[in-house]
Amino acid sequence: MDTSDSASTTETARPFPAIAWATLIAGVLDISSAFLLSYPKGVGPSNVLQGVAAGLVGREAAINGGVATAGLGLAIHFFIAFVISSIFYVASRKLIFLTQHPVVSGLLYGTIVYGFMYWIVMPLAYPVVHPSVSRDVTAVCVHMLLIGLPIALIVRRFSQPSRSPAI
């Protein structure tokens, strides 16, 4: 790795907008997909968000909490999106490959995020939920295309030098 590449990337990087936009875009895409995938099963958006909160407050408290726990679920969801975006951004400061090849790195990162969420976090938060092939294939695709890829592309965008408009 050429040190001038690393230095120029660090000098032109804009961490706040990179992480903020990555959080917003990936968070909206992910929660929207959860709403869309849950709708045919008769599960509304409020119930989806309460399901997110249930990992923290428990299933019964989340259901009984109504709009407040749905709001908590939304906050937790975007906090997770913030953490995932921040981790990728920080890693991209050291591993230049991540911004040089955002499609490959984003798809791989989405797969890693899926693995962490579905094989570590979910079993801890929801011990009664068991894996299924259709759920896992869908979840891997969502994590690759709607979380990892947008985060990588946004971080790359904010890691490149700003171009001033031609006059």
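**Reading a helical model**

Tutor: Helices (H or I, at least four residues) and strands (E, at least two) are DSSP runs, numbered from the N terminus. This is a predicted model, in which local features need pLDDT of at least 70, side-chain atom pairs count only at pLDDT 80 or more, and totals for chains, interfaces and linings use all residues. Residues are numbered from 1 along each chain as its sequence is written, and side-chain values use heavy atoms, with hydrogens and water left out.

Student: Is A81 buried or exposed?

Tutor: Buried means under 20% relative accessible area, exposed over 50%, and partly exposed in between (1.4 Å probe, protein chains only). A81 has a relative accessible area of 8%, so A81 is buried.

Student: Which residues does A81 touch, not counting residues up to four places away in sequence?

Tutor: A contact means heavy atoms within 4.5 Å. By that test A81 touches T23 and G27. A81 and A20 are 61 residues apart in sequence, yet their C-alpha atoms are 9.7 Å apart in space.

Student: What is the mean pLDDT of the protein chain?

Tutor: pLDDT is the predictor's confidence in each residue, from 0 to 100. The chain mean is 89, and 88% of the residues reach 70 or more. Residues 1-10 fall below 50; beyond near neighbours in sequence, that stretch has eight contacts in the model.

Student: How many helices and strands does the protein chain have?

Tutor: Eight helices and zero strands. Of the chain's 167 residues, 35% are buried. Take contacts between residues at least 6 apart in sequence: 71% of them join residues at least 24 apart.

Student: Where is helix α7 kinked?

Tutor: The bend at a residue is the angle between axes fitted to the seven residues ending there and the seven starting there. Helix α7 (residues 102-125) has a kink of about 30 degrees, centred on M117. M117 is one of the buried residues of α7, which also include P102, G106 and Y114. Their cover includes α5 (67-94), α6 (97-100) and α8 (133-157).

Student: Which residues have the most contacts inside the largest nonpolar core?

Tutor: A nonpolar core is a set of buried Ala, Val, Leu, Ile, Met, Phe, Trp, Tyr and Cys residues joined through side-chain atoms within 4.5 Å. In soluble globular proteins, nonpolar side chains tend to be buried together. Here the largest core has 20 residues, and I84, F88 and I151 have the most contacts inside it. Helices α2, α5, α7 and α8 each supply at least two of its residues. α8 gives the most, with six.

Student: What does I151 touch, leaving out residues up to four places away in sequence?

Tutor: I151 touches A22, A26, I84, S85 and F88. Now look from A26, which is found in helix α2 (residues 15-38). A26 has 3% relative accessibility, so A26 counts as buried. Leaving aside neighbours within four places in sequence, A26 is in contact with L146, I147 and I151. A26 and I154 are 128 residues apart along the chain, with 9.8 Å between their C-alpha atoms.

Student: Which side chains meet in a salt bridge?

Tutor: A salt bridge is a side-chain nitrogen of Lys or Arg within 4 Å of a carboxyl oxygen of Asp or Glu. The structure holds one. D136 and R135 form it, at 2.9 Å from N to O. D136 is buried, at 12% relative accessible area. R135 is at 23%, so R135 counts as partly exposed.
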